[in-house]
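Good morning, everyone. Please take a look at the screen while I walk you through one chain.

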Amino acid sequence: MKKILIMLCMLTCLLGLTACGEEKLTQAERNRGETAVTIATDFMVPYMTYYFDDARAEQYQSDYGVEELKYLTEQDLNYAFYIFTTQYGLVYDVPEISVEGNAILNGIVSFNSAYHTMGDIDTSSNLVGSYKYSNDKKTIIVTVPVTGTLTNSKGEPIAAEAEVILSNDIFLTVESCSLNIERSMGELMGRAAMDTLMGMGTVFSVLILISLVIWAMGGIPKLQEKLSKKNKAEKKSIQEEAVDNTIAQIIEKEEKQGDDCELAAVIAAAIAAYEGSVSTDGFVVRSIRKRR
């Protein structure tokens, strides 16, 4: 019985902590969130489908900067805002719609890319979105589920989710806009497998390249040794030739003078120089013959 009471107390504490963790929104925050949803469903998502056209999307990305995109988008959206408020009598909690240029630039890429997969957005029913506040409550995140006109392998319309992030202030400025395709588990697993194979292929390719480089570097010492032996042989040949020429010149000169002692001394000195010795001790010239 005691254990049961302890378990009930712990469960009560957990439920109490959960209830405390849920932060309730004020009426003003709820109104602002609903207005953010309306801006996303009535203005932003329909407007961004304008860039489903490839030529238009490419033109706006190449011809206009961030500030120009901001100006053009606000001009178009606020014209629609004026029509909705004056002719249709709709009421909004904001005086106008404001956007950031980067949000539109990134949105163009996202919406145009999604269009190639899902086709146009199915407008047979009204768009319905939901909102939530960020942890710091600086932004309002609106998600709008949509379906495309194209179907997947099962014959089902391809689903996507438009995400619009707005600033949590009186202006509700659009800070981000994107259209994300919902992938099935099979598609996600297939893409993960493909990414894994590509990653492993890249790693193995780099390892093979490194192995080839190491193998090639292993032949460098052998090549250096071969070149060194060749240089030493050439140097020795040159030295021998130089000594032979010197001795020949000395012999020729001394033959004219007839002094074998001086000739022997000179030959011994030349041989000592060739051998790298500092003196001629140990070198004895026994006979002198002229080289033919």
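What pattern does the protein chain follow, read along the sequence? The pattern is α-α-α-α-α-β-β-β-β-α-α. That comes to seven helices and four strands. Helices (H or I, at least four residues) and strands (E, at least two) are DSSP runs, numbered from the N terminus.

Some ground rules. This is a predicted model, where local features need pLDDT of at least 70, side-chain atom pairs count only at pLDDT 80 or more, and totals for chains, interfaces and linings use all residues. Residues are numbered from 1 along each chain as its sequence is written, and side-chain values use heavy atoms, with hydrogens and water left out.

Now the whole chain. Buried residues make up 26% of its 292 residues. Buried means under 20% relative accessible area, exposed means over 50%, and partly exposed is in between (1.4 Å probe, protein chains only). Next, contacts, meaning heavy atoms within 4.5 Å. Take those between residues at least 6 apart in sequence: 61% of them join residues at least 24 apart.

On to a pair of helices. Two packed helices are described by the angle between their axes and the distance between the axes. Look at H3, residues 54–63, and H5, residues 101–118. Their axes come within 10 Å and cross at roughly 160°. Axes are lines fitted to C-alpha atoms, for helices over the stretch in contact, and angles run from 0 to 180 degrees between N-to-C directions. H3 and H5 are therefore roughly antiparallel to each other. The cut-offs: under 35 degrees is roughly parallel, over 145 roughly antiparallel, 65 to 115 roughly perpendicular, and the rest oblique.

Which residues make the contact? From H3, they are Asp54, Ala57, Tyr60 and Gln61. From H5, they are Leu105, Ile108, Val109, Asn112 and His116.

Next, the sheet. Strands of a sheet pair through backbone hydrogen bonds, either parallel or antiparallel. Here we have an open sheet of four strands, in the order E1-E2-E3-E4, with antiparallel pairing. Two strands pair if DSSP finds at least two bridges between them. The edge strands are E1 (130–133) and E4 (174–181), each pairing on one side only. From one strand to the next, the twist averages 20°.

Let's go through the pairs. E2 (residues 139–151) and E3 (residues 157–167) are antiparallel, over ten bridges. Val144 has Ala162 in E3 as its bridge partner. Val146 has Ala160 in E3. E2 and E3 form a hairpin with five residues between them. In that turn, Gly155 has a positive phi of about 85°.

How many bridges join E3 to E4? Seven, and these strands run antiparallel. Ala162 turns up again: its bridge partner in E4 is Leu179. E3 and E4 also form a hairpin, with six residues between them. Leu172 in that turn has a positive phi of about 50°.

Stay in that loop for Thr173, which lies between E3 and E4. Is Thr173 buried or exposed? Thr173 is buried, with a relative accessible area of 15%. Leaving out residues up to four places away in sequence, Thr173 touches Ser98, Val99, Glu100, Ile165, Leu166 and Ser167.

H5 lies across E2, E3 and E4. H5 runs at about 15° to E4.
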